[in-house]
Amino acid sequence: MKRTLPFVVPTALLLALPLLRIDARDYVLQVLTLLFLNIVLAQSYDMVGGTMGYINLGHIAFFGLGAYALGILYNAGVPFVPAVALAVLAVMAFAALISYPFFRLRGAYFALAAFGLVKLMEYVTINLNWLTGGSNGLKIDPANRTVPMYLVSLAVVVIVLLASWVISRSRLGLAMKSIREDEEVARDFGVPTRLVKTQALVVSSIFPAVMGAFYTWYINFIDPGQVFGLKIALTPVAMAMLGGSGLVIGPVVGAIVLYMAEEVIWTQFDELHGAMLGGVIVVVGLFMPGGLMRLRPLDALLGRLGWREDDR
Amino acid sequence: MDLAILVQLLINGILLGGVYAMAAVGLSLIFGVSGVLNLAHGEFLMLSGFFVYVVYDRLGLNPFLAVALVAPCFFVVGYLFEMGLIRPLALRKEHVRLASATLVTLGVALIVEDATSFASLGGSFEKSVDIFVPTLVLGTVFLPSLKLVIFAVVLALIAALFLFLKYTYIGLAVQAVTQNRRGAVLNGVNTFRINAIAFGIGTFMAAAAGGFEVIHSAVAPDIGLPLTLKYLSIIVMGGLGSFAGVALGGVIIGLGEALVGFYNPAWGQTVAYLLLVAILLVRPKGLLGK
Amino acid sequence: MSDPLLQGRALVRDFAGLRALNAVSFEVARGSITGIIGPNGAGKTTLFNAITGDYPPTAGRVIFDRRDITGLAPNRICRLGISRTYQSVRPFLGLSVMNNVRIGLLYGRREALTRGEQEREMFAILDFMQLRAIADKRAEELIPLERKRLELARALATGPRLVLLDEVIAGLTPTEILSMMETIRAINARGITVLLIEHVMKAVMGLSSEVIVLHHGEKIAQGDPAQVSQDPAVISAYLGQADLSAGLRR
Ligand SMILES: Nc1ncnc2c1ncn2[C@@H]1O[C@H](COP(=O)(O)OP(=O)(O)O)[C@@H](O)[C@H]1O
Ligand SMILES: [Mg+2]
């Protein structure tokens with residue numbers, strides 16, 4: 001009970017938020033929706049990046065692909081719910097397909113190929129004009145979906161957090177960690193590394209795919225630079241690391257902190273937002289390899305809550 | 001296709017590829033020695049282009065002289081960049097180091113881009129240098145002489161780097177570290193210093209490329225990251241530790257962009273990434289990699 | 001040998017122009033402790049890697065329990081009942097001692113264990129290797145001797161029929177050596193065949209019923225320890241390595 005309270009209470013409060021009758025309600029919901037999106041991306045990125053140690057700089061490709069798949073299917077007349085399901089399945093199939101060649105690469109080569117994939121997707125989307133609308137983007141029937149999107153995002157956040165937690169304590173999660181620590185040794189002790197890596201990538205692709213699909217539905221309009229951007233590709237990495245990559249609690253904390261920092265920067269300063277964000281990212285990379293949640297006081301807090309993990 | 005057009009495209013492609021090759025060789029040197037994916041590489045290129053423009057514009061200097069003035073300063077920039085921001089990451093676990101370096105270099109990239117765009121007032125306008133040089137005409141083929149001059153300088157710089165690596169003590173140490181870091185340490189090489197020198201030289205190469213970009217085409221604040229990715233594609237294509245491979249990769253990309261771009265400009269820019277992914281799938285260690 | 005547990009047939013392993021193993025044939029008897037000795041660079045570790053599939057042999061066959069395992073993936077070979085330790089230890093540094101062992105329990109065995117069996121095995125192994133008190137520590141917090149014991153524990157967790165021990169005694173103090181030798185005997189007493197690489201001659205000679213000698217990638221002798229230490233080829237291979245030849249003559 002004590003262990004679940006810090007999780008259940010905020011979730012319940014956030015769930016009740018749409019009931020508020022204040023003017024700024026929609027604005028608040030929109031801001032939180034974007035935060036939730038960031039949490040989902042960071043948390044699912046870290047399944048492969050933190051738990052398994054493969055720095056997947058191309059994680060955002062799953063998001064963009066889900067977004068486009070939904071848009072295309074929906075505009076082709078597929079009803080919304082089946083369209084989401086199909087979009088997510090398509091992304092999972094894509095993840096399974098690329099996992100074979102990509103996971104022949106290690107370390108920086110893997111990171112780089114995955115990063116290249118983002119740019120490749122952007123250009124391919126631009127070039128496949130007839131299908132995607134090219135650089136003009138893709139529209140679906142406009143509607144205000146603020147409240148349902150908020151609730152869906154919140155639900156996905158809860159699911160991705162639970163999934164991370166379950167995975168980190170599961171047989172699969174242990175294999176993923178062993179791959180992070182030493183892939184050859186893992187193989188020597190019976191871990192079918194190929195299979196595990198594919199499973200991890202496919203699982204991690206589900207969440208950005210879902211968010212991508214709903215994102216198109218929510219925002220009504222997407223274009224290649226927006227969903228396949230190089231900079232947004234890298235924010236989940238920064239968030240995960242800021243909070244504590246490889247810890248279940250890390251990415252979500254990092255996402256919240258970095259997102260808030262961004263909000264502050266944008267509202268408090270007129271210029272040089274990018275540079276300030278860059279400064280924050282440099283500081284994270286330089287001074288906080290373990291992230292916030294591995295700092296002694298916060299680690300102690302986790303210990304008191306009973307949330308501390310054995311492998312950290 | 002008309003033969004003359006083909007020849008023209010090949011020439012354009014090779015001239016384009018030369019500048020790519022130079023910046024990519026610089027990045028390859030950095031990656032080879034330090035194992036760091038330097039996401040700020042293209043940013044230094046852009047920044048140097050910006051300074052070259054300013055020197056040319058404000059002081060009225062010959063743009064080539066401006067490059068000769070600006071680019072060497074970037075050796076110092078690269079050297080200090082390594083000392084201050086990359087070296088502290090050295091002792092981290094492999095995947096943590098990779099993620100840290102990604103963030104640090106990305107953060108620097110964001111800062112440089114944003115600051116340049118701020119300093120150039122808005123950032124959307126492009127910096128370019130007009131110098132009139134007559135174009136040589138051979139039959140039906142045009143030889144853009146400005147690009148030829150640049151190409152010659154680029155070749156000279158790559159050759160100089162090659163000789164440096166082959167015949168100087170530091171050059172040999174750089175190669176030793178690229179091939180086997182532990183072994184180099186055991187043989188008394190100061191790898192920190194070598195890392196810094198590699199960053200210095202690599203950044204210098206990028207800076208020179210940036211100067212040339214600004215002379216023959218244009219430089220805008222937001223070109224950095226996409227360019228970095230293109231160069232990274234080239235070095236992966238060429239294979240780690242193989243400068244010949246990287247130079248080849250640069251020319252392949254240049255040719256590919258020129259040829260494909262002739263038929264379909266949109267797909268022209270896609271060539272690099274398509275080739276990157278395709279080659280990695282077939283040869284995980286790159287074209288000429290071992 | 002009538003029915004060896006492990007058999008190498010004309011094993012060859014090349015590394016970019018270097019022949020690290022050259023037509024090495026050998027047999028390891030069921031239930032034995034067999035030693036492998038040879039100067040540095042002789043190819044001993046390479047032989048282990050060829051057996052486990054880490055670096056599969058360039059030519060030749062590896063037969064384990066009458067089955068040809070040449071070219072199988074390391075994870076499959078592990079499940080067939082071969083596990084190992086590494087010359088320079090490689091525990092999963094970021095994982096707890098228990099999770100290091102758990103990898104072997106969960107993935108290294110052919111049949112799945114129930115939760116209860118898992119727990120029982122886990123604690124049996126931790127007790128056996130004297131790791132129980134530090135079971136919750138991460139491997140990176142352990143001292144070198146504990147890391148070595150952890151490697152052994154992880155190897156035992158896969159329920160092996162054959163363990164390959166690569167210089168587990170090297171670097172230990174004399175008392176630690178004695179206790180490690182006891183441990184190896186105890187492992188063997190559980191019916192696990194042991195193939196061990198050692199530089200400490202006394203240990204090899206004291207433990208092994210059979211010794212294989214490698215030199216420059218070739219097997220130059222195999223036999224019982226007394227016999228091998230008299231072998232002129234072996235003595236000449238060790239010539240100039242004073243400590244080792246002293247050990248041989250002792
Ligand atoms: N992965 C490898 N790549 C290249 N050469 C190797 C590799 N592993 C071993 N070698 C070479 O094979 C030879 C035998 O090495 P090894 O089996 O480690 O010897 P040892 O008997 O000391 O264990 C050495 O010359 C070594 O350099
Ligand atoms: Mg050895």
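What share of the 250 residues in chain C is buried? Hi everyone, let's start there. Buried residues make up 56% of chain C, where buried means under 20% relative accessible area, exposed means over 50%, and partly exposed lies in between, with a 1.4 Å probe and protein chains only.

A word on the ground rules. This is a predicted model, in which local features need pLDDT of at least 70, side-chain atom pairs count only at pLDDT 80 or more, and totals for chains, interfaces and linings use all residues. Residues are numbered from 1 along each chain as its sequence is written, chains are lettered from A and ligands numbered from 1 in the order in which they are written, and side-chain values use heavy atoms, leaving out hydrogens and water.

Let's stay with chain C. Its secondary structure comes to ten helices and ten strands; these are DSSP runs numbered from the N terminus, helices being H or I with at least four residues and strands E with at least two. Chain C has a radius of gyration of 18 Å, close to the 18 Å that the globule rule gives for 250 residues, so it is as compact as a globular protein of that length. That radius is taken over C-alpha atoms, and the rule is 2.2 Å times the number of residues to the power 0.38. Along its principal axes, the C-alpha trace of chain C spans about 55 × 40 × 35 Å.

Now over to chain A. Here we find 15 helices and two strands. The radius of gyration of chain A is 19 Å, close to the 20 Å from the globule rule for 312 residues, so chain A too is as compact as a globular protein of its length. Its C-alpha trace spans about 50 × 45 × 40 Å along the principal axes. Of the 312 residues in chain A, 58% count as buried.

Finally, let's see where chain A meets chain B. The contact takes 47 residues from chain B and 44 residues from chain A, with contact meaning heavy atoms within 4.5 Å. The area buried between the two chains is about 4000 Å², and carbon and sulfur atoms give 79% of it. Buried area is the accessible area, with a 1.4 Å probe, that two parts lose on being put together, summed over both. Which residues of chain B lose the most area to chain A? They are B:H95, B:L103 and B:L229, together 15% of what that side buries.
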